[in-house]
Amino acid sequence: MNLKTVVLLIAVIAALLVFSPQSAMAQKKAELKKVTDSVYSYAGVHSGTPGNVFAANAGIIIGQNAVLVVDTLGSAVEAEAFMTDIRKITDKPVRYVVNTHYHLDHALGNSFFADMGVPIISHAKCRDAVIAGGDKILANPAMFGLPPDFWKETRIVAPDMAFEREMIIDLGGLTVKLIYSGIKSHTAGSIMVYVPEQDVIFTGDILFTDFHPYLGEGDLPGWEKNLDFIRDMNVKNIIPGHGPLSTNRDLEDMKTYLNIFDKKAKELSAGEKDIEKLTSAMLKVIPEKSDGDFIVPMNLKARYLISNEKEQVGDN
Ligand SMILES: [Zn+2]
C-alpha cells in the first residue's frame, strides 16, 4: 500500500466518521449564528443538516476591510450556500480562507472559494495531505451515504499558502492569529484560529463537544497537550470543530473522553475482536454523546483492531 492509498483511506475513514445516513434526519437548513460582534459560525448544527451534512463548525471573522472564512464545509455546493449565508450578514469582501485541517468536511468546499479568487491558507502538513489525497475521493460519494451528484461541482483544491507555527492576518481593526501548537493532535496539521479582541477561538477538530470524536489519525498524548494549550489561553468563546459553543469545561471533558476511550479500548479489544460486540461494550463504558455513535466502531477499527485491518488491506 503506497502513501497515496493510505491518505485516501484515511480521508475515507475520516468522512465516515463525521457523517452517517442514519443521522441525516434534520430538515432545517444550517444557519450561520452570531457568536460575537465580528464572529459567526454554524456551531451547534447536527449531522445531516441540509447545507452542512457533516455538521462542521465553519464560520467567519469580519474586520473593517475584509472577511476571513474558517473552513469551507463538505462540497462546492455547501460552500456556495455558506457564501449566501455570509452575504446575509456582511457585504465586505472575502479575502482569506483558512482550513483548520484537511478532512473533507472542512476543506472540500475550497474550490468554490478558489473560483472567487480567494487565497486558501493552512498548516504545511494540511496542504501536504490535500495534495497527497488527490481527487479519488470525489468518485465515491456513495461510500459516504451521499447522493451521486454531491460533489458534482467540487474539485480538490490545496491551500495556496501554508505556515508552520503562527500566522497573523489583519482584517482592518481586527487581528486573527492562526496557531499551530507545535504538537500533533487530531491530525498532524490541525490548527486553531484565534481572535484575541473578540475573545473567540475556532479549535477545529481538536475539540468535539457532544460528538464522539474521530480518533483514527490522532496522536492522543499530543492531543491532550493541545487541549491544555487551549485551556491555558482562557478564551471565553470556544467554537469546537463539531458541536455547540464550548468552554474550558468541555476541553477537560474531551481529555477525559480520550483517556477513558484509550484505556477501555485497549482492555476490551485484548479479549474481544468482534467489532459489533466490542462497540456495544465500549458504548457502555465511555462518556455519552448525543451525536456520532457511528464513529466508535471506526475508531476501534482504526486504532485497536489494527492486525485485522492490515490483513484486509493486504488483500487489496
Ligand atoms: Zn470535522
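Helix α5 (residues 124–133) lies across strands β6 and β7 of this predicted model, running at about 105° to β6. Helices here are DSSP runs of H or I with at least four residues, strands are runs of E with at least two, and both are numbered from the N terminus. Angles run from 0 to 180 degrees between N-to-C directions, and axes are lines fitted to C-alpha atoms, for helices over the stretch in contact. Two residues are in contact if their C-beta atoms, placed from the backbone, lie within 7 Å. Residues are numbered from 1 along each chain as its sequence is written. Because the model is predicted, local features need pLDDT of at least 70 and side-chain atom pairs count only at pLDDT 80 or more, while totals for chains, interfaces and linings use all residues.

Strand β6 (residues 120–123) is joined to β7 by 3 bridges, and the two run parallel; two strands pair if DSSP finds at least two bridges between them. Ser122 has Ala162 of β7 opposite. Both strands belong to an open sheet of 7 strands, ordered β1-β2-β3-β4-β5-β6-β7, with mixed pairing. The edges are held by β1 (33–36) and β7 (161–163), each of which has a single partner strand, so one side of each is left without a neighbour in the sheet. On average, neighbouring strands of the sheet are turned by 25° against each other, direction ignored.

Strand β3 (residues 59–62) deserves a look of its own. On one side, 3 bridges join β3 to strand β2 (residues 39–41) in an antiparallel arrangement, and Ser41 has Gly59 as its bridge partner. Strand β4 (residues 67–70) is also antiparallel to β3, with 4 bridges between them, and Ile60 is partnered by Val69. A hairpin of 4 residues links β3 to β4. In a regular strand the side chains alternate between the two faces of the sheet. Both faces of β3 are covered, with Gly59 and Ile61 buried on one side and Ile60 and Ile62 buried on the other. A residue is buried if 20 or more other C-beta atoms lie within 10 Å of its own, exposed if 12 or fewer, and partly exposed in between, with C-beta atoms placed from the backbone.

Pro244 sits in the loop between β12 (237–242) and α7 (248–271). Pro244 is partly exposed because 15 other C-beta atoms lie within 10 Å. The C-alpha atoms of Pro244 and Val45 are 7.5 Å apart, although 199 residues separate the two along the chain. Leaving aside neighbours within four places in sequence, Pro244 touches Ala43, Gly44, Thr209 and Asp210 in the sense of contact given above.

The contact involves Ile275, Leu278, Thr279, Met282 and Leu283 of α8, together with Val296, Pro297, Leu300 and Lys301 of α9.

Overall, the protein chain has 10 helices and 12 strands, and 47% of its 316 residues count as buried. The average pLDDT, the predictor's confidence in each residue from 0 to 100, is 90, and 88% of the residues score at least 70. Over residues 1–19 the pLDDT stays under 50, and over residues 308–316 it is also below 50.
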